[in-house]
Amino acid sequence: MVMPERTIENYLIDMDGVLVHEEHPIAGADTFIAGITAAGLGFLVLTNNSIYTARDLSARLSRSGLEIPPERIWTSALATALFLHTQRPGGSAYVVGEAGLTTALHDIGYVLSDSSPDYVVLGETRTYSFEAITRAVRLVRGGARFIATNPDPTGPSVEGLLPATGAVAAMITKATGVTPYFVGKPNPLMMRSALNTLSAHSETTVVIGDRMDTDVVAGLEAGMDTVLVLSGITTHADVERFPYRPTAVVDSIARVPVGRDVRTIDGALTPLAAAPRRPAAAATPDDAAPAATPRRRGAAITNAVTAFGRQPPAEATPTGQETPVPPRPQ
Ligand SMILES: [Mg+2]
C-alpha cells in the first residue's frame with residue numbers, strides 16, 4: 001500500500017535543545033530555519049520560558065547566529081496572556097514574574113493590580129521575593145484565580161539547574177491548598193494557541209521537540225505529527241519508557257526534511273527497534289549476545305508498521321526481557 005504524502009505547511013519548533021543549548025546554536029538549526037523560510041512555510045519557535053519578551057528572545061537568538069523575528073516566537077507568557085484575554089477580556093492580575101509576562105498581559109489590555117485581582121499569575125523569575133509570594137498567597141486565599149505560565153520544576157542555567165515556576169507554584173499551593181492552571185507545555189493549549197496564531201491546521205503542522213513529556217505529548221494531544229530530536233534532554237533509550245511515541249526520532253533538526261511528511265524520514269531512528277534492552281551498565285555476558293531471532297523479527301515488524309504510522313502489534317514488543325523502569329527524572 002502506498003501511503004499518500006502528507007502536505008506540511010507549518011512547524012512548531014521547541015527552542016532549547018532543538019535550536020540552541022543555552023547560548024550555543026545547534027548544528028543545522030540555521031539551515032533548517034532558512035530552508036522553511038525560503039519555502040514560504042510557516043513556523044513558530046516555542047518556549048515555556050516566560051522571563052523574556054519575544055523581542056528579547058529574538059535578540060538573544062540573533063547573538064547565537066539564528067535570525068528569528070519576534071513575531072515567530074511563542075512563549076508561555078504569550079499563551080497565558082491570550083488564554084486570559086479569551087477567558088476574561090480586560091481583567092486584572094497580580095503578577096509574580098518578569099517583563100516577558102507583564103508585557104504580554106499589558107499588551108492584551110490587562111490591569112496589573114494587587115488589590116482584589118481576577119487572577120494571580122505566576123511566571124518564571126530570578127528575583128522571587130518573600131513579600132511577593134506572601135501577597136500571592138493572600139490573594140489566592142482571598143479568592144483570586146491561580147494561573148501559572150508553566151509547570152517545569154527546574155530550568156537550566158550555565159551554572160547548573162535552577163528552581164523554576166513549578167517549584168514556586170508548589171510553595172503557593174502548599175500555603176493555599178489551591179493548584180494553579182498551568183498554560184505552557186505539556187498543556188496542549190500552548191500548541192493550540194500557537195496553531196491559532198499561525199492560522200494553521202494540526203494535520204499540516206509538525207512539532208519538533210527534545211522532550212517526550214512536554215513537546216511530544218502536547219503535540220500528540222493537539223493532533224499533530226511529532227519529531228523527537230536527540231540533540232536535547234532525551235536519549236534514544238528513554239523513548240520506549242513512555243506510553244506514547246513520537247512520529248519520528250532523529251539525531252537533530254538537521255535531519256528533518258523541509259516541507260516533507262515526517263512519517264517516512266530517511267534514516268529516522270524508529271522508537272522501538274534500536275532501543276537497548278537495558279542500560280549498558282547493567283549488561284551481563286548474556287545481554288552481550290546477539291539478540292534472539294524473535295526479537296529481531298519483532299524489530300523488523302516494528303520498523304514496518306512504524307513506516308505506516310501505526311501501533312505495532314502486541315507480538316512485536318519483546319516480553320520477559322527487561323524489567324520496566326519509570327522514565328528517569330529530567
Ligand atoms: Mg526543549
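Predicted model: local features only at pLDDT ≥ 70, side-chain atom pairs only at ≥ 80, totals over all residues.
**View 1. An open sheet of 6 strands with parallel pairing.** The strands lie in the order S5-S4-S1-S13-S14-S15. Strand S5 (73-75) and strand S15 (248-250) stand at the edges, and because each has a single partner strand, one side of each is left without a neighbour in the sheet. From one strand to the next the twist averages 25°. Within this sheet, S1 and strand S4 (residues 42-47) are joined in the parallel sense over 5 bridges, and Leu12 has Leu44 in S4 as its bridge partner. Helix H7 lies across S1, S4, S5 and S13, and its direction runs at about 150° to that of S4.

View 2. The buried residues are Met212, Thr214, Asp215, Val216, Val217, Ala218, Gly219 and Leu220. Their cover includes strand S1 (10-14), strand S13 (205-209) and strand S14 (225-229), together with helix H7 (188-198) and helix H9 (236-239). After H8 comes Gly223, whose phi is positive, near 85°.

**View 3. An open sheet of 5 strands, again with parallel pairing.** Here the order of the strands is S7-S6-S8-S9-S12. The edges are formed by strand S7 (111-112) and strand S12 (181-182), each of which has a single partner strand, so that one side of each is left without a neighbour in the sheet. Strand S9 (residues 145-148) runs parallel to S12 and is joined to S12 by 2 bridges, and the partner of Ile147 in S12 is Tyr181. Helix H5 (residues 130-141) packs on the sheet, where H5 touches strand S6 (92-96), strand S8 (119-122) and S9, and the direction of H5 makes about 145° with that of S6.

**View 4. The contact of helix H3 (residues 76-87) with helix H4 (residues 99-107).** Two packed helices are described by the angle between their axes and the distance between the axes. The axes of H3 and H4 come within 9 Å and cross at roughly 30°, which makes H3 roughly parallel to H4, since angles under 35 degrees are counted in that way. The crossing in which H3 passes H4 is right-handed. On the side of H3, Ala77, Leu78, Thr80 and Ala81 take part, and they meet Gly100, Leu101, Ala104, Leu105 and Asp107 in H4. The residues of this contact divide into 6 nonpolar, 2 polar and 1 charged.

Definitions and conventions: Residues numbered from 1 in each chain as written. Pairing = 2+ DSSP bridges. Helix = DSSP H or I, 4+ residues; strand = E, 2+ residues; numbered from the N terminus. Contact = placed C-beta atoms within 7 Å. Axes fitted to C-alpha atoms, helices over the stretch in contact; angles between N-to-C directions. Buried ≥ 20, exposed ≤ 12 C-beta atoms within 10 Å, placed from the backbone. Parallel < 35°, antiparallel > 145°, perpendicular 65-115°, else oblique. Left-handed = near helix turned anticlockwise from the far one by under 90°. Nonpolar A, V, L, I, M, F, W, Y, C, P; charged D, E, K, R; others polar.
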